[in-house]
Amino acid sequence: MDKNSLFRNLPSLDSLLRSEECSFLIQRYGLRAVTEALREAISELRKELEAATDLAPYAYLEEGEEAWFEANAERLIRIFKVNEEPILRPVINATGVLLHTNLGRAPLGEMAGERVKKIISSYSNLEYDLTRGRRGERYQAVEPLLCRLTGAEAAMVVNNNASAVLLILNEFARGGEAVVSRGELVEIGGSFRVPEIMELAGCRLHEVGTSNKTHLRDYEQAINENTKLLLKVHKSNFALVGFQAETSLEELKNLAKAQGIPLYFDLGSGILHPEAKSILPAEPSVMEALSTGVDLLSFSGDKLLGGPQAGIILGSKEAIGRLKKNPYTRAFRVDKMCLAALEMLLRAYLDPEKINSEIPIYNYLCTSIEDLAARSDNFIDRLAACGLDGELVESRGEIGGGSAPGQDFPSLAIVIDPANYGISAQEVERRLRALEWPILACIRHDKLYFDLRCIRECEEEVLLRGLLEVFGD
Ligand SMILES: *Cc1c(COP(=O)(O)O)cnc(C)c1O
């Protein structure tokens, strides 16, 4: 028996599919899934065989399909199990980053989640006016709440803030110029960059000022007969430090008013929390921004608002009315899951008692260091009871998700040194990702840091079991 002859005797996909052993698999999983799984199994087997020095365990390869299925039953079960698992799954965020774009930004609270489930499992009055018995407004559930909470005259919601920007530029600046500071020509991520969005929206970008300084007179000088909109973009994912100047929203509003040009503020991350100033002193709240009299304002639903992915637009009745008629509004419309979640989120904001309990990110953000220390110490005791060593250290949490740049906050982390278990930090990190309920942590100086801040108490058990699985091996 040599390797070459074994390779020659590897059964073909076709012969495996035609064999009797395969027919019940096909009945159970369907031809397509079985073909895929067999392909994967054959390719794994080839790799193993290439690396093998002892060929005895592969002797069955010369005995035909029946022996092949018998020898590879476990392999196939494993492959089917992995392939049947949904790809999108919950993960444990032990990074201490509150809004992680890769991890779905803001998680939804219990009440919002329950409401989404209820609305989508049934028909609903999504666009039906139950009082009048005729077609209704898609935004009926959220527009009045947004106006009540912010004091805005009118409101609408689109798919995300990127689409809000595109929609507003297209409606208000199409065929003309939008004036924006060079210090605010941001890239938000991927291919979303202000200059490119302008082009797509059909308007010309009129840049003013310099990267670090833009004065009111720069805007004044830029205004001409083609100017259709003044745009201000919140520096939400970077910070300018040192020698810098930007024109305030108030100054811009006065200029816009004097010139009869609308002013739009892309706020990025919209804060409605009434006590946000004590939590995030440098971030402007939605109410503050609106109070300057800006004509249009937009922000994300899943950043510091703490809700579903959405782009929320506030403004005058007239301005929102125009936007509602723009064809992009139809293309960017939100679905019932988003609206059901958003309605419950906004209802939580109506009751200050409910904010921290119903909106997970504020629950996490407002956890005191003392409470976090008590939870972490308790967790370290549970680790110790299972024979794992963890140590509590001071660390910094982050807002993340393109919000509140440079504003980190004090947090705590449990450090585990993988050297004590004879594995590398990279290997631990890989195993944590491969868990059925994956765990994401930080590596610093070859050690693993687990911050419990963004982890629900009911997830601690999952974290514990995951760590035992990874370090227990
Ligand atoms: C995040 C952000 C956006 C994009 O918002 P999404 O909801 O992610 O589409 C646009 N503008 C600013 C200033 C932002 O911070």
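Visitor: What is the relative accessible area of Tyr 421?

Guide: This is a predicted model, in which local features need pLDDT of at least 70 and side-chain atom pairs count only at pLDDT 80 or more, while totals for chains, interfaces and linings use all residues. Residues are numbered from 1 along each chain as its sequence is written, and side-chain values use heavy atoms, with hydrogens and water left out. Buried means under 20% relative accessible area, exposed means over 50%, and partly exposed covers what lies in between (1.4 Å probe, protein chains only). Tyr 421 is therefore classed as partly exposed, its relative accessible area being 24%.

Visitor: How many helices and strands does the protein chain have?

Guide: Helices (H or I, at least four residues) and strands (E, at least two) are DSSP runs, numbered from the N terminus. The C-alpha trace of the protein chain spans about 90 × 50 × 50 Å along its principal axes, and buried residues make up 48% of its 473 residues. Its secondary structure comes to 22 helices and 17 strands.

Visitor: Which class of aromatic pair do Trp 68 and Phe 69 form?

Guide: Rings of Phe, Tyr and Trp (its six-membered ring) pair if their centres lie within 6.5 Å, and planes under 30 degrees apart count as stacked, over 60 as edge-to-face and the rest as tilted. A search of the whole structure finds four aromatic pairs. In the pair of Trp 68 and Phe 69, the ring centres lie 5.3 Å apart and the planes stand at 80°, so the class is edge-to-face.

Visitor: Are Trp 68 and Phe 69 buried or exposed?

Guide: Trp 68 has a relative accessibility of 1%, whereas the relative accessible area of Phe 69 is 8%. On these values, Trp 68 and Phe 69 both count as buried.

Visitor: How many residues apart are Tyr 421 and Phe 471, whose rings form a tilted pair?

Guide: The rings of Tyr 421 and Phe 471 have centres 5.0 Å apart and planes at 55°, so they are classed as tilted. Tyr 421 sits in the loop between strand E14 (408–416) and H21, and Phe 471 in helix H22 (residues 460–472), so that distant parts of the chain are linked. Phe 471 is buried, at 6% relative accessible area.

Visitor: Which residue forms a salt bridge with Glu 44?

Guide: A salt bridge is a side-chain nitrogen of Lys or Arg within 4 Å of a carboxyl oxygen of Asp or Glu, and the structure holds 25 of them. For Glu 44 the closest N and O atoms of the bridge are 2.8 Å apart, and the partner is Arg 75. The pair links distant parts of the chain, from Glu 44 in helix H4 (residues 31–51) to a partner 31 residues apart in helix H6 (residues 73–84).

Visitor: Why are Arg 431 and Glu 427 separated by about one helical turn?

Guide: The side chains of Arg 431 and Glu 427 meet in a salt bridge, with 3.0 Å from N to O. Arg 431 counts as partly exposed at 21% relative accessibility, and Glu 427 is likewise partly exposed at 23%. The separation is about one helical turn because the two residues are four residues apart in helix H21.

Visitor: Which residues gather in a patch of negative charge on the surface?

Guide: Patches are made of residues with over 30% relative accessible area and no salt bridge, like charges being joined within 9 Å and nonpolar side chains (Val, Leu, Ile, Met, Phe, Trp, Tyr) within 5 Å. One member, Glu 436, lies in the loop between helix H21 (425–434) and strand E15 (439–440) and counts as exposed at 59% relative accessibility. The residues of the negative patch are Glu 84, Glu 85, Glu 436 and Glu 469.

Visitor: What value is phi of His 445 near?

Guide: His 445 is found in the loop between strand E16 (442–444) and strand E17 (447–450), and it is exposed, with a relative accessible area of 74%. Asp 446 has its place in the loop between E16 and E17 as well, with phi near 60°. For His 445, phi is positive in a residue other than glycine, near 50°.

Conventions
Accessible areas come from the Shrake-Rupley method with a 1.4 Å probe; for residues, only the protein chains shown count as cover. Lys and Arg count as positive and Asp and Glu as negative; His and the chain ends are not counted. The place of a charge is taken as NZ of Lys, CZ of Arg, CG of Asp or CD of Glu.
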